[in-house]
Each structure stands twice: as C-alpha cells, then as structure tokens.
Amino acid sequence: MGIPSELLWESPLKNLAASLGCGLRSRAPSSLPSPLICPPPRQTSRHFLHTPKMTTPSNLTHAAPQQERFLVLFDFDETIIDESSDDAVVRALPDQRLPDWLRNSYREGHYNEHMQKVLVYMAEQGVSKDSIQSAVENIPPTPGLLRLFQYLQSHQQDFELVVVSDANMFFIETWLERAGVRQLFWKIFTNPASFDATGRLELLPFHSHSCSRCPDNMCKQVILREYLAGREKERGGTPFQRVFYIGDGANDICPSLALGPRDTAFPRRDFPMHRLLLEMQQSQAAKFKANIIPWGSGEDIVDCLKKIMEER
C-alpha cells in the first residue's frame, strides 16, 4: 500500500556532525559543486504528489542467478526516506521535541546509545507503539525513490537489493511494508529493535568493530565486505558483476571505500556523503576507486542504471 500523499510533508533535519564517525544523518549546505558524470538531474518537487502503489511480485525468490547480477545497497534515513526516522518519531512526543538535557547528552560516535535513552524517555512520556508506528509510516519517500523501486522490481533478475542502515529494524521494516516494497530486499542490516512487554521500544547495537571511522555500533564497510564474501561463496565463487551504493551521510563513506573501479557510489547531492567525497577527490592523499554519481532524485539513478544495462 502506498503512502497517502496528503500525509507527506517537509520537516527540519539534524545539524551535520563534524566527523566521519558520527551516527547523525543530516543535511549539508546546498552550495557545493558537483561533477557531471551521468545525465543532468531532473528538476523535482520536494513534495511527492503522486505516490504509486508498489506491489511485490508473487514469483520473487531468493534463488540468485550465478552470473550477470548487480548488488544495490541502500541507506535508509534521508536516502529511501526524505528525513531522519529518529526525528520523525520524536514528533510523537506531547511537546514534539526532546528536552535540552536529553539532546545535550549525545556523545559523538555513540548515537545508538543516545537513541536508546530517547526511546526510554518516550516510553516514560506515554508514547505508544501505535503512535511510533504511525509516525514512521507517514515519513515521505525521497523524491523519485519509489520510481527507482519500480524499475528495480521490473528487473529483479538483474539486481539484488540490500539495506545497510544505522536506523533500526522496527522503523525500516514498518516503512518498507507500508510502502509495499519490503520483499524487494534480500537483507536488512540494521540495529535490532523490538517492543518489550511494557510497550517500550528496545534498541540494541548491531555489532562491535574496530574501525575508527565509524560509530561504535556499526561499521558499514565490515557489513559490506562480509556480505560480498558470503554471497560469492553461495554463488559458487561468482562475484557480483557490479556493486552500487546509494547513500547520503558521513557514515556511508566507509563502505564506499570498499568499492572497486567498476562499482559506483551514488551520494545524495549536497548531503554529507557528497561533500566528503568531493573533498576526497580534491585530496591527493585520498584514493577513491569507484565511480561517483551524485543524485537529487531516484529518477537520476534510474537513468544511470538504464545506461549501464544498455552497455553491459
């Protein structure tokens, strides 16, 4: 079932954290230059006026072809959806905002820990599961992303879809199911979250790691490398033909560093991932192997994938 267009709106987003290791998913300044590698991005409205209903094909299976298959990895907040899911659920509070003492308790690199405290506070304030679920379901999709899902659904034999996000499982599955696209994804890598007997949403870290660039609860590069190795083994030693990573935030840089010269990083235009990749391109010390294609709408990504499919 699609998201009713009358429920979609703009909302303020978090301030950009300064380091690569932050867990915040935020907008960056909009004055950045961007290299033109694919066709120019389409002009799109910030309001998604027509939300197509996405249906999951009944013949979708997880028996992957052994050759000629692409892997597409998606971030969630501000990539699939057009804002932070954490910000959206906070608006379910009676005052629609966190108290200063709680906002100021955030420690850089420990965002998961901070959100655990936020969810405890929300439960104490009487915010119900239904209220949280409704807040998540009503988050608008990023412009053109449902069109991208339609394209990928129509070429499901060629693309394997995965979510890698520092949000949480309840938020992501709730939104994807509401949009009717959950079964398009082979795997969701995110922080575990479920409601306990008292109605409080309990959040846990995804894993521990030793990467100095990433938040303490999740390194997306570790996840990507392990997934690629596991799937190659399952596919009889056949690697993916190409890997595409679609993201927006500072924590999407680390997995992009694992991409090869035939792969593509799709940073959302003028967001932290885009800005940081531009800085890396300008630095002689930083070597980035993958192609970089900024996007403003999911339709821009569709145009690029169509071109790649034609040239394969």
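Visitor: Is Glu 78 buried or exposed?
Guide: In this predicted model, Glu 78 is buried, because its relative accessible area is 0% and buried means under 20%.

Visitor: Where is Glu 78 found?
Guide: Glu 78 lies in the loop between β1 (70-74) and α1 (85-90).

Visitor: What is phi of Glu 78 near?
Guide: Phi of Glu 78 is near 60°, which is a positive value in a residue other than glycine. Most residues other than glycine have a negative phi.

Visitor: And Gln 96, what is its phi near?
Guide: For Gln 96 phi is near 60°, again a positive value in a residue that is not glycine. Gln 96 sits in the loop between α1 and α2 (100-103).

Visitor: Does Gln 96 count as buried or exposed?
Guide: Gln 96 counts as exposed, because its relative accessibility is 52% and the cut-off for exposed is over 50%.

Visitor: Change of topic. How many residues does the largest nonpolar core have?
Guide: The largest nonpolar core has 58 residues. Among those with the most contacts inside this core are Phe 74, Ile 80, Phe 149 and Trp 175.

Visitor: What does Ile 80 touch?
Guide: Leaving out residues up to four places away in sequence, Ile 80 touches Phe 74, Asp 75, Pro 141, Thr 142, Leu 145, Phe 149, Val 163, Trp 175 and Phe 185.

Visitor: What about a second core?
Guide: A separate core of 25 residues includes Tyr 227, Phe 240, Tyr 245 and Met 280.

Visitor: How many residues of α9 are buried?
Guide: Helix α9 (residues 272-282) has eight of its 11 residues buried, and is mostly covered. The buried ones include His 274, Arg 275 and Met 280.

Visitor: What covers the buried residues of α9?
Guide: The cover includes β6 (242-247), α8 (253-256), β7 (264-267) and β8 (291-292).

Visitor: Now helix packing. At what angle do α4 and α6 pack?
Guide: Helix α4 (residues 129-137) and helix α6 (residues 169-179) pack at about 60°, and their axes are 9 Å apart. That angle makes α4 oblique to α6.

Visitor: Which residues make the contact?
Guide: From α4 the contact uses Lys 129, Ile 132, Gln 133, Val 136 and Glu 137, and from α6 it uses Phe 170, Phe 171, Thr 174, Trp 175 and Arg 178. By class, the contact of α4 with α6 has five nonpolar, two polar and three charged residues.

Visitor: And at what angle do α5 and α10 pack?
Guide: Helix α5 (residues 145-154) and helix α10 (residues 298-311) pack at an angle of about 25°, with 7 Å between their axes. That makes α5 roughly parallel to α10.

Visitor: Which residues make that contact, and how do they divide?
Guide: Those of α5 include Leu 145, Leu 148 and Tyr 151, and those of α10 include Ile 301, Val 302 and Leu 305. The contact of α5 with α10 has eight nonpolar residues, one polar and three charged.

Visitor: One more residue. Where is Ser 212?
Guide: Ser 212 is in the loop between β5 (201-203) and α7 (220-234). Ser 212 is exposed, with a relative accessible area of 75%. The C-alpha atoms of Ser 212 and Gly 109 are separated by 9.7 Å, and these residues are 103 residues apart along the chain.

Methods:
Residues are numbered from 1 along each chain as its sequence is written. This is a predicted model: local features need pLDDT of at least 70, side-chain atom pairs count only at pLDDT 80 or more; totals for chains, interfaces and linings use all residues. Side-chain values use heavy atoms; hydrogens and water are left out. Axes are lines fitted to C-alpha atoms, for helices over the stretch in contact, and angles run from 0 to 180 degrees between N-to-C directions. Helices (H or I, at least four residues) and strands (E, at least two) are DSSP runs, numbered from the N terminus. Angles under 35 degrees count as roughly parallel, over 145 as roughly antiparallel, 65 to 115 as roughly perpendicular and the rest as oblique. Contact means heavy atoms within 4.5 Å. Ala, Val, Leu, Ile, Met, Phe, Trp, Tyr, Cys and Pro count as nonpolar, Asp, Glu, Lys and Arg as charged, and the others, Gly among them, as polar. A nonpolar core is a set of buried Ala, Val, Leu, Ile, Met, Phe, Trp, Tyr and Cys residues joined through side-chain atoms within 4.5 Å. Buried means under 20% relative accessible area, exposed over 50%, partly exposed in between (1.4 Å probe, protein chains only).
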